[in-house]
Amino acid sequence: MQEESALRQEAARRATEEQIQAQRRQTEREKAEIERETIRVRAMAEAEGRAHEAKLAEDVNRRILVDRANAEREKWIAAINTTFDHIGGGFRAILTDQNKLVVAVGGVTALAAGIYTTREGARVVWSYVDRILGQPSLIRESSRGKYPWSGFFSQAMSTLKGANGGSGTKSEKGFGDVILHPSLEKRIQQLANATANTKSHQAPFRNMLFYGPPGTGKTMVARELARRSGLDYALMTGGDVAPLGSQAVTKIHQLFDWSKKSKKGLLLFIDEADAFLCERNKTYMSEAQRSALNALLFRTGDQSKDIVLALATNRPGDLDSAVADRIDEVIEFPLPGEDERFKLIKLYLEKYIAQAGERKPGLFSNFFKNQQQEIEIKGLTDDILREAAARTDGFSGREVAKMMASVQAAVYGSEDCVLDGNLFREVVDYKVAEHQQRRKLAAAEGDK
């Protein structure tokens, strides 16, 4: 019985301890909950306090800014009022005092007259300087500067470039972007050598006539011919003479006077010469055009040691007989043959396709981010290029260049920027069809 009583007492004691432990845990949980709630309430109160303080600070700053703006406005208004008061007082003093009014009107009139006189005087002086020293208005392009002092820098750079390893002009081959028939290229080279020797021996120059279809390289060859002969170069267009009317004679005389001032000699290239050098018996030729033609004939009556006259036309038969009599060398520029077209295609393939996107070396090349995207060439063999050269029969050099520019545009329009044989043939087919359509339209216009 004592043992059972001890067990019961032990069980009661354990139950009491468990109850006490449970109450203690409950009390701790409640205490922790109360602490969390207290922290939350305290954080909310602090946040509300900070927000309230920020709002109060914002209101204070706004009031400060408003007060400052009002003060600035009042200051400017006061300054403006003071200025207008002074101006009004000055006007009242001038209007009430006759002597001050006369002096003010005279000063303003003298100032306006001085400004107008200075402007008009500067305009007259500059027009006189431009007429005496400037480039004639008929010149569209020239290797000479517009004014005598404008070519010093370019001449110094070209001299420096030649001193750094530039080769002589006589040893150069080819004519840049112009591919000529070997016989024509040989004749042009002989003509360049003869012109250079003529200049060195102070003999009269020989005038030239270039004729042939458009886009066969007449202008580019004339520019290269002048460079290889050591002459300056100037280009004008015959179509610019007719709109001048009665001023055409004066402009032509100014052109020849300016051309004679070249120290190296000048090759004067007149493109579309038949536009104002046509037969004088034409009924549609105006009196001003006849006068312009007579002025040119007068200036080219004798062989010149200063000017080489080079004419270019698509219709040599329309030139006046007196103009034809001034010509010493007549050179025909035919359409390029198949070999020339093949060389042109390779030339423009290298220029427009292979070299596209290459970063040019230079001091400031890294600052220019916008560069062309490089084109990848796949499977474009010489056989495909020769096939294109054979299909482009009747194309001029300019048309071949435009065709290759279209190839470049087609490549840039593709997704992967890759040029292969199929894409090249598609562009060639399109340009050949376009060329044939243009010829049909020209034939239809001729029939009308």
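**Notebook: salt bridges, cores and strand pairing**

I began with the charged side chains and noted that Glu10, Arg13, Arg14 and Glu17 are linked in a network of salt bridges, a salt bridge being a side-chain nitrogen of Lys or Arg within 4 Å of a carboxyl oxygen of Asp or Glu. By this rule I have 26 salt bridges on record.

Before going on I wrote down that this is a predicted model, in which local features need pLDDT of at least 70 and side-chain atom pairs count only at pLDDT 80 or more, while totals for chains, interfaces and linings use all residues. Residues are numbered from 1 along each chain as its sequence is written, and side-chain values use heavy atoms, with hydrogens and water left out.

I looked up Asp59 and found a salt bridge with Arg62, whose closest N and O atoms are 3.0 Å apart. Both residues lie in helix H1 (residues 2-96), three residues apart, or about one turn of the helix; helices (H or I, at least four residues) and strands (E, at least two) are taken as DSSP runs, numbered from the N terminus. For accessibility I used the rule that buried means under 20% relative accessible area, exposed over 50%, and partly exposed in between, with a 1.4 Å probe and protein chains only. Asp59, at 23% relative accessibility, counts as partly exposed, and Arg62 counts as partly exposed at 43%.

I then turned to Glu224, which forms a salt bridge with Arg227, the closest N and O atoms being 2.4 Å apart. These two residues are three apart in helix H5 (residues 218-229), so about one helical turn separates them. Glu224 is buried at 15% relative accessibility, whereas Arg227 is partly exposed at 39%.

What does Lys264 form a salt bridge with? The partner is Asp232, and the closest N and O atoms are 3.4 Å apart. Because Lys264 lies in the loop between helix H6 (248-259) and strand E4 (266-271), and Asp232 in strand E3 (residues 232-237), the pair ties together parts that are 32 residues apart in sequence. I noted Lys264 as partly exposed, at 42% relative accessibility, and Asp232 as buried, with a relative accessible area of 10%.

**Nonpolar cores**

Next I followed the nonpolar cores, each a set of buried Ala, Val, Leu, Ile, Met, Phe, Trp, Tyr and Cys residues joined through side-chain atoms within 4.5 Å. The largest nonpolar core has 31 residues, of which Leu268, Ile270, Phe276, Leu277 and Leu311 touch the most other members. At least two residues of this core come from each of E3, H6, E4, helix H7 (287-299), strand E5 (307-313) and helix H8 (321-325). Apart from this core lies another, of 27 residues, including Phe342, Leu344, Ile384 and Leu385.

I also listed the contacts (heavy atoms within 4.5 Å) of Leu277: leaving aside residues up to four places away in sequence, Leu277 touches Leu293, Leu296, Leu311, Asp318, Leu319, Asp320 and Val323.

**Strand pairing**

Last, I checked strand E2 (residues 208-211), which pairs with E5 in the parallel sense over four bridges; two strands pair if DSSP finds at least two bridges between them. E2 and strand E6 (residues 329-332) also pair in the parallel sense, over four bridges. Met208 has Ala310 as its bridge partner in E5, and Met208 stands opposite Glu329 in E6.
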